[in-house]
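Here's a quick briefing to read alongside the coordinates. Have a look at the model, then skim the points below.

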Amino acid sequence: MLLSLLVWIPVVGALAIALWPGEVNATRARQAAILNWIGLVVVTGAIIGQFDPNTQQIELVESFSWIDRLGLSYSLGIDGLSFPLVVLNTLLVGIAIFSTNEAISRPRFYYSLMLLLTSGVYGAFLAQDLLLFFLFYELELIPLYFLIAIWGGVRRGYAATKFLIYTALSGILILAAFLGLAGSTGFASFSYDRLRDFAIAQASAPDSLLPIATQLLLLALILVGFGIKIPLVPLHTWLPDAHVEASTPISVLLAGVLLKLGTYGLIRFGLGLFPEAWSQIAPLLAAWAVVSVLYGSFAAISEGLANGDMKRLVAYSSVGHMGFILLAVAAATPVSLMGAEFQMVAHGLISGLLFLLVGIVYKKVGTRQLSALSGLFNPQRGLPVIGSLMVLGVMASSGIPGMAGFIAEFLIFRGSFPAYPVHTLLCMLGTGLTAVYFLILLNQSFFGRLTERVANLPSVSWLDRAPAIALSIPIALFGLQPSWLAYWSESVTTALAVSTRISP
Amino acid sequence: MTALTPVTQWLTQTVWLAPCYGLIGALMTLPWATGTIRRTGPRPAAYINLLMTVLAAVHGGWLFREFWGQEAQYLTFHWLSVADFDLSFVLELSPLSLGAMELVTGMSLIAQVYALGYLEKDWGLARFFAMMGFFEAAMSGLAISDSLLLSYCLLEMLTLSTYLIVGFWYAQPLAVTGARDAFLTKRVGDILLLMGMVALSTFSGSLNFSDLAEWAQTAQLADWQAGLLAIALIAGPTGKCAQFPLHLWLDEAMEGPNPASLMRNSIVVACGAFVLIKLAPVLALSPLGSAIPIALGSMTAIGASLVAIAQIDIKRALSHTTSAYLGLVFIAVGLQQTDVALLLLLTHAIAKTTLFTSIGGVILNTSTQDMTQMGGLWSKMPASTMAFVVGSMGMVALLPLGAFWAMERWLSEPAMPGWSITIVLLVNGLTALNLTRVFGLVFGGSTQPKTRRAPEVTWPMAVPIVSSIVLTLLVPLMLEQWQLLLTRVGALQFPVSETIALIASAAIGATIGISIYSFGAVARPVTLPLPALQDLLSYDFYIDRIYRLTIVWVVGAAARATAWVDRYVIDGLVNLVGVATLFGGEGLKYSTSGRSQGYVLVVLISVSTMVVLAGWSLAQLWF
């Protein structure tokens with residue numbers, strides 16, 4: 001019941017905001033969205049209360065068949081893999097609503113879309129049926145397309161279309177893989193549990209149930225499909241464009257949770273359903289991770305050296321940091337999978353924070369071009385608090401200990417090292433390169449003298465700062481007390497690792 | 001171990017608080033540092049931090065007294081455990097670690113009181129104190145840490161705070177580049193250390209120094225593994241201790257405020273060496289583990305001593321000697337003479353503090369760091385002059401003050417090879433030459449426009465100056481009292497010929513320096529017969545250009561190549577497909593003829609092709 005509430009409360013809210021007969025101005029629509037979000041917080045709190053982290057079973061299951069002939073069932077559940085991401089989604093949706101421009105145009109449509117998006121993301125994280133997952137995965141696309149295409153920047157049309165085509169393709173590939181798997185196993189069911197049992201049986205008696213060639217083909221579809229979403233190089237070009245054109249709250253959601261759908265899917269449906277094929281192509285995946293990490297880092301550095309767009313730089317940094325997760329999943333040891341889960345949450349928080357701060361700079365200064373910015377640290381006329389938070393954000397992203405990014409990366413590296421030492425060391429170079437481009441960003445925009453052009457900035461109110469501060473607290477908290485996060489996921493990540501044996 | 005009193009027990013259990021005081025102070029400073037509280041001015045923030053440092057000093061001092069002559073105790077804090085992988089922090093309470101922590105808090109206290117005067121009129125005072133609190137926290141933690149993981153975390157905290165402190169005056173371009181270079185060069189070392197740590201953790205299963213030492217006894221590693229491991233583990237301390245080739249940052253860091261430079265030159269550099277000493281058992285696994293510190297240390301010791309003499313910036317002239325002395329420490333660690341290394345670190349730290357308290361006042365009151373514009377300050381600033389003289393005496397082995405005993409210990413150690421003694425003598429002589437040179441330029445001679453009206457410093461700076469003078473003078477007594485010289489068996493020998501050589505080397509250096517810079521034996525500015533050599537030294541072996549032509553170029557080229565591929569290959573391909581479909585659609589538009597037979601034919605062909613393809617692939621799947 002609780003999980004359905006998560007999925008359906010935003011839908012009801014969206015319908016209410018969209019179809020309310022009377023006059024609804026921006027403030028009213030915002031209040032309605034916040035009210036809806038409070039409902040989600042309460043439900044999330046109840047889930048936290050009921051969730052038992054010590055089991056590797058799917059919990060709080062709700063299941064009834066929907067369309068029998070298709071084998072489609074409405075089945076929701078939650079486990080240690082999805083639990084932190086669901087909580088993260090609740091947090092970031094709140095941040096996105098609060099950081100939305102209060103006088104936004106077409107507010108009813110905007111907030112309805114945002115709530116629909118929320119519902120789609122919850123649904124995808126909770127779905128325990130492959131077809132249902134696909135439905136939610138596609139459902140989340142449409143509102144996001146409009147959110148970029150209507151409230152975006154100058155080239156929003158191009159960016160939104162590119163995003164739509166890419167992610168629709170991703171959905172098609174995933175659907176093809178799901179259909180292939182369900183069809184070839186002969187089950188007329190898309191239930192994750194049954195397919196997972198099948199996969200485990202398959203792994204214990206290799207090549208008995210499904211030829212390895214078929215497995216590899218299906219896994220390749222899944223990899224490319226989710227690889228677009230994560231995104232992995234060279235499937236990433238939609239991301240920088242989408243980020244640059246999207247408005248701040250949308251960027252926060254996009255980087256914070258939507259990319260996590262890709263890595264989540266990779267772990268759940270790639271690693272979880274194809275353990276045998278996975279162990280065969282794992283070395284390739286590790287190499288792919290290295291390419292992704294270094295490519296993302298170097299692209300970000302070049303954006304910085306060219307004094308380009310801050311937001312594009314942060315977007316490329318996402319490409320690099322999501323690559324770490326692929327490395328961890330390729331190694332599939334208990335420690336590395338824990339690291340992957342950690343990195344999903346840490347990256348969600350940190351990139352959310354960074355996009356928020358870039359958004360505030362853009363709002364106050366009117367530009368994101370590094371070449372036009374300078375000296376924003378100035379205590380009288382600049383943005384000193386935003387600057388301090390920016391230091392925290394970029395340092396967390398560079399893996400400075402004491403913040404969540406470090407422990408995530410450390411677990412990933414430590415967990416992957418026994419399986420792929422060389423790949424791991426190469427990925428660690430990416431951590432060093434992160435510092436390079438973020439220092440360029442900091443030095444260029446916050447250090448130096450305040451130029452005439454950006455003097456006399458409008459002051460930043462505490463309302464602007466509050467979302468950023470709210471995000472920096474968990475970043476520091478999980479950095480100092482990682483066991484508070486590890487507690488929720490450990491049993492599931494360990495179980496996943498055990499079922500996949502990767503020979504180094 | 002004798003029973004502890006309840007107070008001591010409580011203080012022991014809460015020893016983790018000692019590093020936290022600085023952190024708490026830093027956090028409490030934030031409202032002032034970010035400009036949220038403006039009414040009171042930034043002073044309250046400074047007082048809070050001072051109070052916190054006093055607390056840390058008292059807490060640490062009490063424990064130091066109680067643990068004196070006792071066995072070490074270890075406190076373990078479990079941080080995170082995943083599957084069978086356990087991460088824990090261990091704190092070591094021993095006379096050595098607590099003494100080191102006491103040194104950190106003591107120096108921090110001196111630096112902070114000094115900063116009250118030095119930054120009196122700076123609007124960023126609160127921010128500065130916040131960073132100093134952060135700085136102090138990281139270093140006190142390092143002193144008592146007995147886990148490589150914790151030490152790594154704290155080293156990174158130091159890297160971050162160095163970046164922020166060097167960039168304190170962020171409107172100055174040189175400070176900004178200095179901060180960036182400080183962060184990145186240290187980060188290079190840190191990343192390599194992280195790599196080493198990940199590998200070490202995989203091999204040994206634990207990251208606690210005591211476990212590592214035990215593991216190293218029986219470890220079976222291939223030669224190349226142990227060698228790479230040693231390189232990686234040494235890289236971190238190399239960056240922190242400003243050793244070649246990661247030493248550029250210390251020179252550029254001199255753009256920061258002087259109280260921070262004081263900390264940096266006396267104890268921050270020592271932190272790296274401290275970690276290196278703790279890692280010694282692991283480094284012993286590979287011959288490289290001793291060869292690299294010795295090689296890097298020797299190069300830095302001689303090179304930096306020479307470079308220091310070619311500097312005209314007063315802070316740079318002193319900071320290069322820091323690299324040189326840390327080079328000696330590296331050699332000592334490489335030769336497994338930990339006691340000598342620690343002794344050098346201690347005496348150097350105190351003497352360097354005295355020197356930096358002295359020149360801070362000079363910089364503040366003359367508004368310049370350029371020594372060629374100074375002169376004749378001895379009569380204007382007697383206390384600062386005194387501090388410089390005493391600090392110099394503590395640095396070189398001429399009179400029986402600090403460094404004399406450390407170097408004497410080195411010479412009397414039978415295990416120390418002859419060449420290392422030559423290096424010590426060389427560094428000693430060159431440093432004496434450099435310090436007398438600085439003295440002649442800054443305090444001796446006649447006044448210049450910038451120094452004519454320079455007054456003596458105010459009391460917040462005078463108090464730390466005098467305290468550090470006293471401290472330097474007391475060093476021999478401390479060494480005697482705490483028997484630091486007698487960690488080796490038997491009394492300290494005085495090998496006569498070596499001692500004479502030691503004193504002579506300093507005397508020769510000092511004589512040359514005095515005769516050139518105080519009595520004008522050679523026309524100034526002194527030019528070497530080889531201008532190229534002089535430039536080589538004054539530009540620090542062109543190390544910044546070497547960086548630019550190697551690593552900076554490589555990263556830049558890779559970034560440009562990636563950007564090109566991203567733009568023209570990957571995105572270009574995507575856009576090409578897009579444009580092609582558009583044109584395809586536009587083209588197909590003209591094929592609409594209106595005849596239904598044609599449409600039916602097209603539909604029929606397409607559908608049957610799809611059916612065949614689908615059937616074929618399904619057949620592949622199922623059969």
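A helix crossing is called left-handed if the near helix is turned anticlockwise from the far one by less than a right angle, and right-handed if clockwise. Keep in mind that this is a predicted model, where local features need pLDDT of at least 70, side-chain atom pairs count only at pLDDT 80 or more, and totals for chains, interfaces and linings use all residues. Residues are numbered from 1 along each chain as its sequence is written, while chains are lettered from A and ligands numbered from 1 in the order in which they are written.

**Confidence**
- The complex comes with an ipTM of 0.92 and a pTM of 0.91 from the predictor.

**Chain B overall**
- The C-alpha trace of chain B spans about 110 × 65 × 60 Å along its principal axes.
- You'll find 22 helices and 2 strands in chain B, counted as DSSP runs (helices H or I, at least four residues; strands E, at least two) and numbered from the N terminus.

**The H13/H17 pair**
- Helix H13 (residues 314–334) and helix H17 (residues 418–442) of chain B pack at about 165 degrees, axes 11 Å apart; axes are lines fitted to C-alpha atoms over the stretch in contact, and angles run from 0 to 180 degrees between N-to-C directions.
- So H13(B) is roughly antiparallel to H17(B), the label for angles over 145 degrees.
- H13(B) and H17(B) cross in a left-handed way.

Note on methods
Parallel < 35°, antiparallel > 145°, perpendicular 65-115°, else oblique.
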